[in-house]
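Subject: Structure handover and notes

Hi,

Here is the structure I promised to pass on.

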Amino acid sequence: VALTFDDGPHPQHTPRVLDMLDAAGARASFFGIGTQVERHARLAREIIQRGHSIENHTDSHPVLFATYGPRRMAREVAQAQDRIAQVTGCAPRFFRAVAGLRNPFLDRVLHQQGLQLVHWSRRGLDTNTPSADKVLARLTRGLAAGDILLMHDGHSAATPSGPPVALVVLPQLLARLQAAGLHSVSLTTALPLSAVGASVSP
């Protein structure tokens with residue numbers, strides 16, 4: 001399965017995610033916001049150095065991204081691509097739209113940037129669900145090889161006790177994967193090279 005984390009890197013949460021992944025021998029893909037990658041450049045490089053990938057999740061995470069025209073949309077994607085490549089030395093291969101929403105202009109924009117659109121097959125809704133049990137249940141019910149899981153190292157909801165729900169769920173999720181004989185890999189390992197601009201949604 002492919003674990004993916006959106007909206008980071010986050011200076012407090014992402015390092016803890018990385019430690020949990022290391023402890024489980026797991027790899028993941030981080031859909032980073034371009035400005036956040038630049039702001040936390042050392043952390044972004046650490047993500048790469050620890051065996052994970054950073055992918056493109058727009059430059060500024062605009063809520064209205066899906067309403068943009070082609071030029072404005074292309075700027076958001078290209079600026080993120082440039083920032084991530086400059087900071088990490090690795091150009092992203094994959095793109096995820098804000099909230100997964102897109103319009104017909106996006107396919108051409110991604111083709112021009114050599115990017116592949118990736119959605120998810122399971123998400124825990126950890127940005128607005130403070131219950132770790134509910135988030136974990138959404139991610140693991142019927143979980144199988146080939147799934148792409150969506151979590152957030154940035155913008156994760158707080159649990160009633162305070163910690164971000166994603167940080168409470170992640171060690172339990174990794175234990176469930178191990179018990180099921182599954183392991184987490186980055187998208188670069190999980191998905192074969194395919195035509196640029198193609199959409200992947202298991």
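Helices (H or I, at least four residues) and strands (E, at least two) are DSSP runs, numbered from the N terminus. This is a predicted model, in which local features need pLDDT of at least 70 and side-chain atom pairs count only at pLDDT 80 or more, while totals for chains, interfaces and linings use all residues. Residues are numbered from 1 along each chain as its sequence is written, and side-chain values use heavy atoms, with hydrogens and water left out.

Let me start with Arg-96, in the loop between strand 4 and helix 5. Is Arg-96 buried or exposed? Its relative accessible area is 1%, so Arg-96 is buried (under 20% is buried, over 50% exposed, and in between partly exposed, using a 1.4 Å probe and protein chains only). Arg-96 and Asp-6 form a salt bridge through their side chains, at 2.8 Å from N to O; the term means a side-chain nitrogen of Lys or Arg within 4 Å of a carboxyl oxygen of Asp or Glu. Setting aside neighbours within four places in sequence, the contacts of Arg-96 (heavy atoms within 4.5 Å) include His-57, His-119 and Trp-120.

By the same rule, the salt bridges number 8. Another of them pairs Arg-83 with Glu-38, with 2.7 Å between the closest N and O atoms. This one links helix 4 to helix 2 across 45 residues. Arg-83, at 22% relative accessibility, counts as partly exposed, and so does Glu-38 at 42%. Arg-122 and Asp-147 also meet in a salt bridge, at 2.8 Å from N to O, and both residues are buried. Salt bridges with shared partners join Asp-19, Asp-22, Glu-46 and Arg-50 into one network.

On to the aromatics. There are 3 aromatic pairs, counted when ring centres of Phe, Tyr and Trp (its six-membered ring) lie within 6.5 Å, with planes under 30 degrees apart called stacked, over 60 edge-to-face and the rest tilted. Phe-5 and Phe-30 are stacked, 5.2 Å centre to centre with 20° between the planes. They bring together strand 1 and strand 2, from positions 25 residues apart, and both are buried. Phe-65 and Phe-95 make a tilted pair, at 5.9 Å and 45°. Phe-65 is in the loop between strand 3 and helix 4 and Phe-95 in strand 4, so this pair ties together parts 30 residues apart in sequence.

The largest nonpolar core has 35 residues, and Leu-3, Phe-5, Leu-21, Met-151 and Val-169 touch the most other members. A core here is a set of buried Ala, Val, Leu, Ile, Met, Phe, Trp, Tyr and Cys residues joined through side-chain atoms within 4.5 Å. Helix 7 gives the largest share, 8 residues. A second, separate core of 12 residues includes Tyr-68 and Leu-106.

Lastly, helix 4 covers residues 70-88. Its buried residues include Met-73, Val-77 and Ile-84, and among the elements covering the buried side are helix 3 and helix 5. Just after helix 4, Gly-89 has a positive phi of about 80°.

Best wishes

Key
The expected span of a helix is 1.5 Å times one less than its number of residues.
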